[in-house]
Amino acid sequence: MSTTTDLKAEQRAAKPVLQLGDRIFSGSAKGAGILILVVLAGVAIFLFSEAFPALVAPASEIRGGNGLVAYIWPLVFGTLLSAMIALAVATPLAVAVALFITHYAPRRVAQGLGYLVDLLAAVPSIVYGLWGFAVLAPASVGFSTWLNDYLGWIPLFAGPVSVTGRTILVASLVLAVMILPIVTAVAREVFLQTPKLHEEAALALGATRWEMIRMSVLPFGRSGIISGAMLGLGRALGETMAVATVLSVSGVVTFNLISSSNPSTIAADIALQFPESTGLAVNTLVTSGLVLFAITLGVNMLARYIINRRREFSGAN
Amino acid sequence: MAKSIDVANLDIYYGSFLAVHDVTMTIKPQTVTALIGPSGCGKSTFLRSINRMHEVIPGARVEGRIELDGLNLYGPGVDPVAVRRQIGMVFQRPNPFPTMSIYDNVIAGMRLNNKKMKKAALDDLVERSLRGANLWNEVKDRLEKPGSGLSGGQQQRLCIARAIAVQPDVLLMDEPCSALDPISTLAIEDLINELKNDYTIVIVTHNMQQAARVSDFTGFFNIEGTGKPGKLVEMDDTKTIFSQPAQQATEDYVSGRFG
């Protein structure tokens with residue numbers, strides 16, 4: 001009896017045998033994981049320490065003279081509004097494109113189209129900005145006027161219509177084009193992974209192709225669509241140059257999408273103001289950056305929550 | 001409800017490759033027909049061509065006739081989707097919809113038929129189908145749980161419940177027990193015996209004892225060599241096939257002598 005107890009105690013005390021290669025690999029993997037945390041913590045510490053002077057400064061010294069909240073709130077609003085519109089436009093389109101590539105198009109067309117969509121991601125954002133400024137903005141005026149004429153009773157399209165077309169609607173559409181490839185790529189990958197078994201189960205029950213997609217492909221791809229959309233949202237929230245180039249800003253909070261007075265976004269505002277800022281103005285900009293950091297973090301946590309909530313039904317098991 | 005199947009001179013292709021050549025057979029209603037033969041001889045391919053699932057694979061096609069009570073399933077203007085609603089299928093590996101609850105899995109086919117049904121009628125259908133698949137007592141308290149949480153044997157019976165919920169004319173089973181343990185296999189075999197009162201059943205199996213236990217008729221498929229098409233060597237009463245088949249190849253196969 002006592003010998004077995006001794007043996008078990010010995011077993012508990014003994015270290016498991018580990019090969020050198022295993023040890024090196026687990027060490028480097030652990031190191032990489034820790035590095036991420038260190039970088040993230042470093043960024044957070046920088047943001048907090050640089051933002052602190054602006055947080056404690058009297059309201060009159062902040063740019064605009066009405067305090068920090070009055071300065072940052074319109075930017076937060078503009079950031080969220082433009083990103084949400086971009087997401088609302090891009091996600092259904094991306095899912096449709098991904099479904100076409102994976103389930104409808106002949107193989108050769110699908111490959112070419114997939115390649116083209118990936119190419120969209122390779123276009124630098126300043127190019128999108130110039131395109132939005134020089135092409136889409138002037139072209140949008142007619143459409144905006146039409147919206148204002150016929151749907152002007154909706155506050156979104158109340159007008160007066162901007163004559164340059166440099167509106168938040170155009171900025172959002174540019175953002176939508178920019179996030180389209182990433183959302184499409186993620187959705188396409190996960191649609192391709194739908195088990196043949198589930199697709200055939202639906203088909204064998206007498207589902208049409210669209211019904212099969214609704215019964216097996218979309219439920220399986222749900223979490224993938226959400227993570228793709230969140231990746232896109234992250235990009236839309238943080239996008240700087242395109243918005244800075246396209247948007248004509250005036251720091252207002254309005255849902256009016258087609259007028260010439262638009263809220264700016266946090267990232268675009270930092271890019272435009274930073275070169276001319278010193279002292280407290282820099283701290284103010286960093287504070288707005290901290291807010292953007294928090295928003296992005298919140299968006300990602302929300303996405304995780306949504307994905308995890310239905311894990312039981314996810315098809316991963 | 002159960003219908004007969006008449007197959008005449010059926011050739012099945014994958015692209016230009018002839019996979020199954022010249023199958024002619026008649027399957028009577030309310031019987032169990034087993035299809036046996038070595039791997040790659042085309043029994044599953046043949047089974048999948050009965051409910052037009054074969055053509056789901058790009059390039060796959062069929063020449064010849066398959067008639068369901070006289071209606072040519074490959075006739076012009078016949079919608080494969082409609083065919084699949086009449087001819088249910090159970091696959092080798094259980095495949096309940098993982099995102100759906102047990103309840104929703106059973107009524108998935110009904111939903112497709114766009115039939116507006118009252119909640120009470122749906123409840124009744126779910127109970128009837130699950131009882132029909134001998135699964136009701138095991139799952140009646142957790143109908144809202146996902147189907148993927150069940151054991152393999154239970155999942156397969158859930159798939160059978162899903163297939164019979166739409167009251168098809170024919171039930172096709174593609175090695176339904178090959179991923180299951182012996183006890184679950186026995187449960188499915190008992191179920192097949194009960195189901196044949198209502199349905200025409202065609203089952204592909206690698207297990208010859210299973211073919212002998214559950215089927216009334218047996219068809220033996222064979223292949224002459226790799227790259228050659230599979231053929232129906234002979235089809236007869238299961239008893240005859242296993243005791244005194246007409247072909248030497250059949251006797252060799254069922255008695256375990258090959259080559």
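Here is a quick briefing on chains A and B of this predicted complex.

The model is predicted, so local features are held to pLDDT of at least 70 and side-chain atom pairs count only at pLDDT 80 or more, while totals for chains, interfaces and linings use all residues. Residues are numbered from 1 along each chain as its sequence is written, and chains are lettered from A, with ligands numbered from 1, in the order in which they are written.

**Confidence**
- The predictor gives the complex an ipTM of 0.87 and a pTM of 0.80.
- Chain B has a mean pLDDT of 89, with 98% of its residues at 70 or more; pLDDT is the predictor's confidence in each residue, from 0 to 100.

**Chain A**
- Along the principal axes, the C-alpha atoms of chain A fill a box of roughly 90 × 60 × 30 Å.
- Buried residues account for 38% of the 317 in chain A. Buried means 20 or more other C-beta atoms within 10 Å of the residue's own, exposed means 12 or fewer, and partly exposed is in between, with C-beta atoms placed from the backbone.
- Take the contacts in chain A between residues at least 6 apart in sequence: 79% of them join residues at least 24 apart (a contact means C-beta atoms, placed from the backbone, within 7 Å).

**The annotated domain**
- The UniProt record, an unreviewed entry, puts "domain: ABC transmembrane type-1" at residues 76–303 of chain A; such annotations may be inferred rather than shown by experiment.
- That stretch of chain A, residues 76–303, is 76% helix and 0% strand, and its end C-alpha atoms sit 19 Å apart.

**Where B meets A**
- On chain B, 19 residues are in contact with 19 residues of chain A.
- Helix 2 (80–86) and helix 4 (108–112) of chain B are the elements giving two or more residues to the side that touches chain A.

**Helix 7 of chain B**
- Helix 7 (residues 152–165) of chain B has 14 residues and reaches 20 Å from first C-alpha to last, close to the 20 Å expected at 1.5 Å a residue (that is, 1.5 Å times one less than the number of residues).
- Because 13 of its 14 residues are buried, helix 7 of chain B is largely enclosed by the rest of the structure.
- After helix 7 of chain B comes B:Gln167, with a positive phi near 50°.

How values were computed: Two residues are in contact if their C-beta atoms, placed from the backbone, lie within 7 Å. Helices (H or I, at least four residues) and strands (E, at least two) are DSSP runs, numbered from the N terminus.
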